[in-house]
Amino acid sequence: MDSEIRQKLVAQVAASNDVSETLLNSLLELEEEFANIHAWGMRPALRRRIVGLVDDALNASGITDT
């Protein structure tokens with residue numbers, strides 16, 4: 001997909017769901033990083049990365065889990 005079209009879609013999704021474009025882009029980048037999800041250890045690593053990205057986004061917005 002063309003990067004300009006992708007960014008427009010990300011912006012639309014982010015705006016309509018009140019979600020950070022940065023978070024959406026970071027999550028989409030994981031698709032390339034974890035392309036071989038069937039490799040040993042990839043699923044737990046992906047879960048840890050997703051949790052880290054979401055935690056960072058929540059902390060940046062001032063939302064905490066305490």
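**View 1. The D18 loop.** D18 sits in the loop that links α1 to α2. Helices here are DSSP runs of H or I with at least four residues, numbered from the N terminus. The model is predicted, so local features need pLDDT of at least 70 and side-chain atom pairs count only at pLDDT 80 or more, while totals for chains, interfaces and linings use all residues. Residues are numbered from 1 along each chain as its sequence is written, and side-chain values use heavy atoms, with hydrogens and water left out. D18 is not a glycine, yet its phi is positive, about 55 degrees. Most residues other than glycine have a negative phi. D18 counts as exposed because its relative accessibility is 75%. The classes are buried (under 20% relative accessible area), exposed (over 50%) and partly exposed (in between), with a 1.4 Å probe and protein chains only.

View 2. α1 has 15 residues. From first C-alpha to last, α1 reaches 21 Å, close to the 21 Å expected at 1.5 Å a residue. The expected span is 1.5 Å times one less than the number of residues. At the start of α1, a side-chain oxygen of D2 comes to within 3.0 Å of the backbone nitrogen of E4. Such a polar contact is a pair of N or O atoms within 3.5 Å; within protein, one must be able to donate a hydrogen and the other to accept it, and residues adjacent in sequence count only if both atoms are side-chain atoms.

**View 3. The E4 and K8 pair.** The side chains of E4 and K8 form a salt bridge, 3.6 Å from N to O. A salt bridge is a side-chain nitrogen of Lys or Arg within 4 Å of a carboxyl oxygen of Asp or Glu. The two residues are four apart in helix α1, so about one helical turn separates E4 from K8. E4 is exposed at 51% relative accessibility. K8 is exposed too, with a relative accessible area of 54%.

**View 4. Helix α2.** α2 covers residues 21-33, 13 residues that should span 18 Å at 1.5 Å a residue. Its end C-alpha atoms are 19 Å apart, which agrees. At its start, a side-chain oxygen of S20 reaches to within 3.1 Å of the backbone nitrogen of T22. L23, L24, N25, S26 and L30 are the buried residues of α2. They pack against α1 (3-17) and α3 (42-60). Contact means heavy atoms within 4.5 Å.

**View 5. Buried N25.** N25 belongs to helix α2. Its relative accessible area is 16%, so N25 counts as buried. Apart from neighbours within four places in sequence, N25 is in contact with R6, Q7 and V10.

**View 6. The largest nonpolar core.** Six residues make up this core: L23, L30, F34, A45, L46 and L53. α2 and α3 each supply at least two of the core residues. The largest share, three residues, comes from α3. A nonpolar core is a set of buried Ala, Val, Leu, Ile, Met, Phe, Trp, Tyr and Cys residues joined through side-chain atoms within 4.5 Å. In soluble globular proteins, nonpolar side chains tend to be buried together. Leaving aside neighbours within four places in sequence, L30 is in contact with L46, R49, I50 and L53.

View 7. α3 has 19 residues and reaches 27 Å from its first C-alpha to its last, close to the 27 Å expected at 1.5 Å a residue. A45, L46 and L53 are its buried residues. They cover an arc of only 100 degrees around the axis, so they lie on the same side of α3. The arc is taken from the directions from the helix axis to the C-beta atoms. These buried residues pack against α2. On the other side of α3, R47 and R48 are exposed. Just after α3, G62 has a positive phi of about 90 degrees.

**View 8. The R49 and E33 pair.** The whole structure holds two salt bridges. In one, R49 pairs with E33, and the closest N and O atoms are 2.5 Å apart. R49 is in helix α3 and E33 in helix α2, so the pair ties together parts 16 residues apart in sequence. R49 is partly exposed, with a relative accessible area of 34%. E33 is also partly exposed, at 42%.
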